[in-house]
Every structure is written in C-alpha cells, then in structure tokens.
Amino acid sequence: MGKRVLMNGNEALGEGAIRGGCDCYFGYPITPQNELTAYMAVNMPQREKVFVQAESEVAAINMVYGGAAAGKRAMTSSSSPGISLKQEGISYMAGAQLPGLIVNVQRAGPGLGDIQPSQADYFQAVKGGGHGDYRLLVLAPASVQETHDFAAQSFDLADKYRMPVMILTDGRLGQMMEPFELWEGKIETFDKPWALIGAKGRSGNAIHSYWGQAPGLEIVNLALQEKYRLIEKEEVRFDTYKLDDAELMLVAYGTSARLCREAVDLACADGIKAGLLRPITLWPFPSREISARLARMKKVLTVEMSAGQMVEDVRLAVNGAVPVEFYGRLGGAVMTVREIYEKIKAIA
Amino acid sequence: MVMTPVYKKPKTLRDASMHFCPGCGHGILHKLLAEIIDELGIRERTIGVAPVGCSVVLYDYLDLDISESAHGRAPAVATGISRCLPGAVVFAYQGDGDLASIGTAEVIHAANRGEHYVTVFVNNTIYGMTGGQMAPTTMVGQASTTCPGGRDPETMGNPMRMCEMLSALDSPSLIARVKLDGPAGIRKTRATIKQAFEYQMAGKKFPFVEVLSPCPTHWKPRPGKRWSASARKWRRFSRSRCSVNSACRTGIFCCRGFDGSRLPRPLRSRMKGNLTNVIPAKAGIQEVLA
Amino acid sequence: MEEKVIFSGSGGQGLMMIGKLFAHIMLEKSPHLTFFPSYGAEVRGGTSNCQVVLSDKEIASPLVDEASSLVLLNQPSVDRFLPALGKKGMAFINTSMAKAPEEGNVYGLPASDLALEAGSVRAANIVIFGAYLGRRGFLTQDEAREAIRNAFSGKGEKVIAVNDAALTRGWDYF
C-alpha cells in the first residue's frame, strides 16, 4: 500500500500519470482542469520529463501525436470546449494507431457553458467526437483514488492496444480533495518497433492515417474494428453495490454514481430493493454485465449530469426487457442524493 | 576500362516513382533533401514530419522515419517529436496552405519557442492537392478556382509573407527564401537547406527555409504558350531583388512582395537606416534570391 | 465521526487556507474526508468558501447541504450560509465584520479585533479557526498549536508567534 496523501483530483491525476510513466505533457489553460497543468509544470521538469504549454488545444493534441510517434508516453488534458478542439487530433491518433492519454475534466456546455461539473460529454467521448470509425478506451473514475490509479494504468492500456485512452472526469472530481494512496504498481514495457526514433539499420518507419485508396483503407478499418472487438471482450470494467438482491438497478458513473450509492443506502433503509451498477469503462460499455443481471429487475434507473446520454447505451443493453427510467440534471447542476432517492421512491 | 559513377540516386531516396505532376517542384525538393541527408550522414537519426497536401506521402519517397501530421499541425507534431528526442534531427515539410493558412498559429508559436527542428516551407502560391484554390500566398492578380478573376487584395488581402512575419521573432536562427528556378536557384536551394540542417544539428533554433516552387498544373499553362500568367508573375517575383540590396550585407530576404510591390514605407526606411533593427543580429537571415 | 463544515468569508481572508489546513490535520483522524473549494467566477464575486466533510463511511457529495458547523468571517457569508445550519450545528461568526443572531448555537466572537490584539488583523481566520477547534474537540489544544506552527513554518518565527497567539485567543474565547 502506498502512502496516504491528500490532493485534489486534478493533481492526483497528474501524479498518477507520472507514476504511470508519462514522458511528456502538453496542455493549454482551461478551468476546471488548471491544477493538473500546473502540477505537471512543476513535477515533469523535476523528473526530467517534457512539459510544454502549447499555444492551443489543437497544438497540444498534435504535440501528443508527435510524442507518441516518437514512442513516448504522451498526454494532454483539458475540459469540454478544449476537448472539442482536440477531436481532429484524436481521430488522427486513432487512425495512426498512436497511444496516448487524453483527460477531459468535464464542464457544462454547450458552447462556453460554465465551469461547473457536467457529464454531457459522454457522447463525444464514447461515440466518437472526431470523424471516422474509431473508438477511445474511456475510463470514468468516481473518486480521487480512482482518478489517480486510472491515470497510472492508462498508459499500459494505451500502449497495449496502440490507441488513445480517455479519462472522463468532471469539475467536481477534479476540484475535490480526498485522501488517496499513492499508486506503486509496476509499469509494463512495450516494444515499439513502429516508433520514429531514427531508421538505424532498417528501412524508415511511417506513422500515418492516410491510405490513399479505398481497399487499403478498408483493410485498416477492419483491423481497427477487430482490435475494438478484442477490447470489448477483455477490458470491460464495472462495479456493483447492493445489486445481488436488488429489483431496481441504478446505472450511473463518476460523480453521479457516488451520489447514487448513498441514495441506494437510503432506499434500502426504506425497504426498497435498489442496487447500483457503475460502469468504469464507458467504452467498452458493460452491456453484457447489465443484461446478465436483468432477470430479477423490475426497472432500471439511469442517473447522469446530462440530458440523457449514457441512458441510450443502457437501453441498448436492456433491449426492452424492463422499463428504463432516467433522472438527470443539466447545465452544470449536480443532483443531490435526496433528489435521486425521491426519484427511486417515485418509480419503485 | 574502369567506369567510375559520377552520379547516383541518393541512398535516402526510395525506389519509387513519384506521383507528382511533370514540372512540379516537390520531386526536385525531395531529391535535394535525400542528397543533403546522405551528405550529412544523418539518415539514421533524422525524423521527418509530412504535411497534408501534395507532399503528404513523403514517407513513400524518403527512406526515413516519417510521421504524417494533420493539416497545418506539422509544427506541433515536430515539437512533440523533437522535445522527446533531443538528439534527433527533425524537419517539417509544409506547403503554403498548410503552413501559412490553417497552421499559421502553430508555425508562429513553434518559431517563437525556438523549437529545434528545420522547416522546409514549399510555397507554390496555390492549393495543389485540392485542385487549385487560392492560397494565403497566391499572388495579386493570380487566378485560381476560388478567385477566378484573380486575387483582389481589397477583399482577399495581400499574399502572406511568412519569412517577413517570422523575422519579427527573436528565436529563429535562420530565415531564408529560395527558389526552385533554374540550375542556379536549385543549387542555392540545396545549399540553404543544407545549412538549415547544419544549424539544427548545431543546436540553433528554428531554421526556416521558404522554397518558391512551381505548380505547373494549377497555374494553368495555356496550350501553345510556354508560361501562364501565374508563372510569369511567379518568375518576376522570384527574380525580384531586394530594393535596398546594396545595404544587404548581412543578407535580407526579398524586400518586395509577391506582386512585386514595395514593402510599406516604415519598414523600408527602417531597413535602410539600420538593418540590425529589423533583423536580430543573431539571426542569419539570408537573401538568396537572385 | 461526522462533520460537515463550511468555511466562508471574502477573498483574501484565508478561508481556503484554514479549510485545507483542517483537511490535512484530519487526514489521519478521519477514515473518509473531502475538501471542496468554490471555484471560478464565484471566487471573484461575494464570498470565497470551502467545505470539508468528515465521515466514518464513504462520502457521496463533498458539498454540504446541512452543515454541522459554519465558520463565517463576513456578512455575505452569514447571509448565504446560516440558513444551511443543521439543528444541532454550531455557527462561528466574526462579529467584527458581521452580525451574529442571538441563538443558542451561534457563537459570535470579534475575530478581527482579537487578531489585531494578537499582532495582525490578517490572523482573523486563525482566531476563528481556534474557536471552532476549541469548541469542536477534534484535537487537543497542543495538537492544534503544533498544526499551526507547521503550517507557518516557512514564514519565520514572528508570523508563527502571531498565529499561535491568534489560535489561543480564539480557542480560549468560549
């Protein structure tokens, strides 16, 4: 067990990424993720790693592309509007099969919106955001401990599958301080024969997503899809709480899952058999894990700080077996435990 | 009889037939790069960054480690690579739409940070790959599919002068404009790019070479005529001399605009008065147009 | 252990500082804790506040809906947060800068004046923090003094002495 320390989620994420072997960080200021950039500005150079404040979000993600092409563990972080700007670069990374870590400390939109926490970037993170048939491996922490741990583990996942990984957190998880234990796991090392480090004794490597003509590009796309199917098989992560004898399944991730957990306690104290399934990987989504637990369920309730985005994936997983209800707050508003509890009572 | 080879294909040039149009400058420039990299013996530690545009498949022609980059983002990709590989020789190859339009912010900030990579900026005054649209560097009066009546500075602005713009910054160690026009021009281009690589290898910051290059396809030569109007404009520009050339002992790139017009008066007078006011003394900016 | 406390005042009064300090002090004493700052535009407006939750079980929300303690340094903070005080809660109000209603669970003390007596008006946050810690009993006075000494260790003996005196004045006030 590592040392117990107290930091906010953004700083804990930075420390996690460094412990996970981050070689280079490229970022641009945006609230509510600035503590992460500031943490990296101090701690990356101290450990003789690369830190660059980029001139734009667009430049930052393309610097990540460059660092990753050079075989390094590269990352950037931003918040919702900034992540929108990065989408082209993310698509290029997916196309060129470059690993890397992108952190979205979600704030409220659309547009400039507000700096308050939100979960309205689910579609963007999980369904694409950029152009083309690609996926990101999306991790959704629900505590500062998980934020830290996932950051540390994300580079291994990214390198293993040669793809960008996104950590989807939010303003509340980023700003909140909470004790956590420092990650002291082992970093895996991956051979990167494709990396651009100088063509010593070999022909030149090329990193690219351009494939000229359709047949080549379709083959590349099919290979990507095959990789995604493997990830769907291997990498689904989720957590359950009081689900074993539940008749009402709550599905929520991140900040809203924390709130649902306490709401489940309140409901159970009232004799309502409620439980929580918390997706940790938003892609791959725990669809099978949801559908496998429907036999006893009378209803499913999805709770999100959005107008209802993940609920679409929940409905696909439930596939009409039981009614799927939704409760959400929008535009930077965060529901209270009491609100969720009232919703549970209303539908149970 | 013993035959000694007097000329051979550079080792760094792959055995591939290029897709470039007849008369295009890219093919010449690719070969020059290969020759320079061979001469300097740096093939095994050179990383190239290709743009989006006609030269997107640079990696098909140069046998080096090369990364494609999103349109205009080559400076950011090159920054990422060179920061991560401090011992490497990194160069970015960018066209005029890539560098001077969609990627203007990236190149200016990379230059300002003094990133350690060479820029080869190929300016053919037009978007080639997309079919001949107006570029930021399209000359006044030059026609394209998106300025069919010729570029009108009233509504379309004047051609961007990237060398002049970048020379306002303190960090770049070398800013030069050369042309792929005639054997002398090509030789100068080669020497200048080689110098830029040597600067980079010596740890000097952001050497930048603008290469004026022809686009015979989209300059639309008319049947029976050797040069199109665009080509005539380009040649006139590429041959234009610094209006204060006699004072250019330290060397200065072209003091005329693409349309042959003179620079605004204040800049001219500053140049005449004291060149070091205009160009930082440490920057080895060159006039290689002749 | 269950504690939900809001520290609030105007920007610059050092509320974030004592909130963070409190969180760090309680790191080893409370199984679960959260610290949540007000951030963004709110910071530039009326009040600067932060909220600390201590609990024996997992904490769902770092935001306090019903406060068990309030530490309020100015009038806007009193106006905004006093309604959130739970029935069994305690409010500590700086009567140098705000009116404290006369209710059983409201503790008014002239923190700014006491801080001036201790050596600097800037130590008002430490005075009221001392009063809060003294009434709440999470730690002994010696532990509190030690924590203050550590928090100001980089600022020189004079600053430490002022803040130590400020803590004592607050602690001993009630």
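1. Both Glu106(B) and Arg73(B) are buried, where buried means under 20% relative accessible area, exposed over 50% and partly exposed in between (1.4 Å probe, protein chains only). The model is predicted: local features need pLDDT of at least 70, side-chain atom pairs count only at pLDDT 80 or more, and totals for chains, interfaces and linings use all residues. Residues are numbered from 1 along each chain as its sequence is written, chains are lettered from A and ligands numbered from 1 in the order in which they are written, and side-chain values use heavy atoms, with hydrogens and water left out.

2. The side chains of Glu106(B) and Arg73(B) form a salt bridge, at 3.1 Å from N to O. A salt bridge is a side-chain nitrogen of Lys or Arg within 4 Å of a carboxyl oxygen of Asp or Glu. Glu106(B) belongs to helix H5 (residues 104-113) of chain B, and Arg73(B) to the loop between strand S2 (65-68) and helix H3 (74-84) of that chain, so the pair ties together parts that are 33 residues apart in sequence. Helices (H or I, at least four residues) and strands (E, at least two) are DSSP runs, numbered from the N terminus.

3. In chain A, a salt bridge joins Asp159(A) to Lys192(A), at 3.0 Å from N to O. Asp159(A) lies in helix H6 (residues 144-161), whereas Lys192(A) lies in the loop between strand S9 (177-181) and strand S10 (206-207), so this pair ties together parts that are 33 residues apart in sequence. Asp159(A) and Lys192(A) are buried.

4. Glu15(A) forms a salt bridge with Arg19(A), and their closest N and O atoms are 2.7 Å apart. Both residues lie in helix H1 (residues 9-19) of chain A, four residues apart, about one turn of the helix. Glu15(A) is buried, with a relative accessible area of 4%, while Arg19(A) counts as partly exposed at 25%.

5. The structure holds 38 salt bridges over all chains. In chain B, a network of salt bridges links Lys31(B), Glu35(B), Glu39(B), Arg190(B) and Lys194(B).

6. The largest pocket has a volume of about 910 Å³. On a 1 Å grid over the protein atoms alone, a pocket is an open set of points with protein on both sides within 12 Å along at least five of seven lines, and lining residues have an atom within 4 Å of a point. Of the 35 residues that line the largest pocket, the closest to its centre are Thr336(A), Ser61(C), Leu63(C), Val64(C) and Asp65(C). S3(C) gives the most to this lining, with four residues. Domain 1 (4-194 + 206-234) and domain 2 (239-347) of chain A both contribute to the lining, so the largest pocket lies between them; the domain bounds come from an automatic or database domain assignment.

7. The second largest pocket contains about 600 Å³ of space. Of its 26 lining residues, the closest to the centre are Ser143(A), Glu178(A), Arg258(A), His32(C) and Glu58(C). H9(A) gives the most to the lining of the second largest pocket, with five residues. The second largest pocket also lies between domain 1 and domain 2 of chain A, because both give residues to its lining.

8. By class, the lining of the largest pocket has 17 nonpolar, eight polar and ten charged residues. The lining of the second largest pocket has ten nonpolar, four polar and twelve charged residues. Ala, Val, Leu, Ile, Met, Phe, Trp, Tyr, Cys and Pro count as nonpolar, Asp, Glu, Lys and Arg as charged, and the others, Gly among them, as polar.

Key: On a 1 Å grid over the protein atoms alone, a cavity is a set of points where a 1.4 Å probe fits but cannot get out, and a pocket is an open set with protein on both sides within 12 Å along at least five of seven lines; lining residues have an atom within 4 Å of a point. Grid points are joined across faces, edges and corners, and a volume is the space filled by probe spheres set on the points.
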